[in-house]
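Please keep the view open as you read.

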Amino acid sequence: MSIPEETIEAIRARADIVAVISRHVTLKQRGRNFVGLCPFHAEKTPSFNVLPERQIWRCFGCGVGGDVFSFLRRIDGLSFVEAVERLAGQTGVEIERDPRAAERRSQRQQVLDLNRTAAEWYAQQLARSAPAMEFVRRRGLSGESVAALGLGFAPAEWDALSNTMLRRGVPGALLEQAGLSHARETGGYYDLFRDRVVFPIRDVEGRVLGFGGRALGDVQPKYLNSPETMVFDKGRTLYGLDRARRAIADAGVAIVVEGYMDAAMVQQEGVLNVVATLGTALRATHLELLRRYAPRVVLAYDGDAAGAAAAERSLALFEEAEMDGRILILPEGRDPDDFIRNRGAEAFRRLAEEALPLVEFQLRRLTGRADGSTPEGRAALARAVAPVLAGIRSAVKREEYVSRLAEQWCAGRLHRVGEIEAAIRREVQRPGGAARARAATAGQPERTPTVEVPKLPGVHPETVVLQGLWHEVENSREAYNALSPDDFSLPAQRRLAAIIWEGWSAGKPAAAARAAARAEDEVMDLVSRLELEQERLPVVAKTVSDSLRAIKEKKLRARISQLQDSLMRPDLVSAEEYSRIAHEKRELVTQLSDIVRQGKLGFSSE
């Protein structure tokens, strides 16, 4: 769908970029700007900046940035049109559509609307069900928590919700798309959730994405979640994050439990920075979600072997995400729900504060299974801990653990510490060590790799030329006439250059800004940098010509090097081709000499 440029600009002008970003990042005012922890990479010192006067944002840590649309695209995985539509709804700007499109909303929005309606209906049923209310009371949930969580109840009838929604005119196909109902072979629909206390599962904006149902009776499965739909992805959703995100940001740590009942009870007792996974193992996508708010995650799994094993499997994920992963050790047989009800919030907080780093927890479990006082025992231990140590990305941290293990295993013979350290390192460096480290996450979905923003030097000539063209500074037309987008080194530079060249060729350089807003994230990262460095424009205007020469010099040197490589292998080309290559090289060397004679440049051409 094409949205008029004037409509996009009206939405951009009305959108409060600080308010939009504050829904995802805790911002603190610093002068006229705002700062916070970057939601796109792990950091402990805020480097994420929002500049409301320019309506842009940028992280000086990882280099990403852009405008209000690009933030929503990156944070929520939206397309450009989806980001514009969302902000249009929030700002009250009406998007003109063709009459037929105006009559029907997107399927995604229809599912969200139906989920909200279903949540309201379930909540009404809870108040009417004595057994459900008794279950809630017995589990210790207060009336305030029930209301805050939006708890509901799905009656035992096979089609209570389905028939209600069908009578209201909801299409049966939409009930299926939302994961609320299944179609009967004989006609009609039956409910997914029956005779269950229902927990609405919301995103950070409070929209109901799906539901979790806890059976009242002794039936299996005890817990049942909505199937994955166009709005609900269990790997990208954490129960309770809508209520916990502020507390997580304030505490600098997120506590992750395994079930929504655990999360509900722990939050009710006043420990607010708690979320829950939804019937899946912790995934890299969950960590991506959490590191928007805090650099540390504490796993509060059940105090049994299964809980410990689940924590161990998460170690490689934390190392990959470069986050501080820890484990809260609950007493054997306890889960967070019954622990906090019996021992209280303060005892739970103490356990969270004393949580062990996951590496240390796993090493303790492994070293407790063998005798390190004998050569055979030490060899077995070294083999056991090698995959864990190989998986530690920080060499400093890895060496610290190697030294600690060697001191533990030296049996008081400190002169042998160096020998034991060397033995552990050999085991870690054995072929397959890293693969063994990754084996702990076998079966986990691959993390979508995050975008690596090139760290361009501040005075790189290609950046100077792009900035001159972007801001239409004096002498920039010289660069436009002499270069093409292919002359830039990095993919994002080439794509932005293509947008700029298109605008200039049409006689509308300013159109590049509008076109760039629709481009991919890497381009907007670069645009945000060009916008933020406007104080350099007077220098840029004076150095565009020198920058142009630097780009030409670099290009010529690269081509000359290629030709020289060919001339070094005359056996691979014919005599005629050899002569042609030699002639081209001489021509290029002459061109290079002319450029160099124009004067030494003020920056490196590398």
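This is a predicted model, in which local features need pLDDT of at least 70, side-chain atom pairs count only at pLDDT 80 or more, and totals for chains, interfaces and linings use all residues. Residues are numbered from 1 along each chain as its sequence is written, and side-chain values use heavy atoms, with hydrogens and water left out.

Helices (H or I, at least four residues) and strands (E, at least two) are DSSP runs numbered from the N terminus. Buried here means under 20% relative accessible area, computed with a 1.4 Å probe on protein chains only.

Several strand pairs are worth a look; two strands pair if DSSP finds at least two bridges between them.

| Strand pair | Sense | Bridges |
|---|---|---|
| Strand 6 (residues 152-154) and strand 9 | antiparallel | 3 bridges |
| Strand 9 and strand 10 (residues 208-215) | antiparallel | 7 bridges |
| Strand 15 (residues 324-327) and strand 16 | antiparallel | 2 bridges |

Within these pairs, Ala154 has Arg196 of strand 9 as its bridge partner, while Arg202 is partnered by Val208 of strand 10. Strands 9 and 10 make a hairpin with 5 residues between them, and Gly206 in the turn has a positive phi of about 85°.

In strand 16, Pro357 is the residue opposite Arg326.

Now to the helices. Helix 3 (residues 68-76) is mostly covered, with 8 of its 9 residues buried; among them are Phe69, Phe71, Arg73 and Arg74. Its N-terminal end is capped by Asp67, whose side-chain oxygen lies 3.2 Å from the backbone nitrogen of Phe69. After helix 3 comes Gly77, with a positive phi near 65°.

Finally, helix 23 (residues 461-471) packs against helix 25 (residues 491-505) at an angle of about 30°, with the axes 10 Å apart. The two helices are therefore roughly parallel, a term for angles under 35 degrees. Contact, meaning heavy atoms within 4.5 Å, involves residues including Leu466 and Trp470 of helix 23 and Ile500 and Trp504 of helix 25.

Technical notes. Buried < 20%, exposed > 50% of the residue type's maximum accessible area, 1.4 Å probe, protein only. Polar contact = N/O pair within 3.5 Å; in protein donor to acceptor, adjacent residues only side chain to side chain. Axes fitted to C-alpha atoms, helices over the stretch in contact; angles between N-to-C directions. Parallel < 35°, antiparallel > 145°, perpendicular 65-115°, else oblique.
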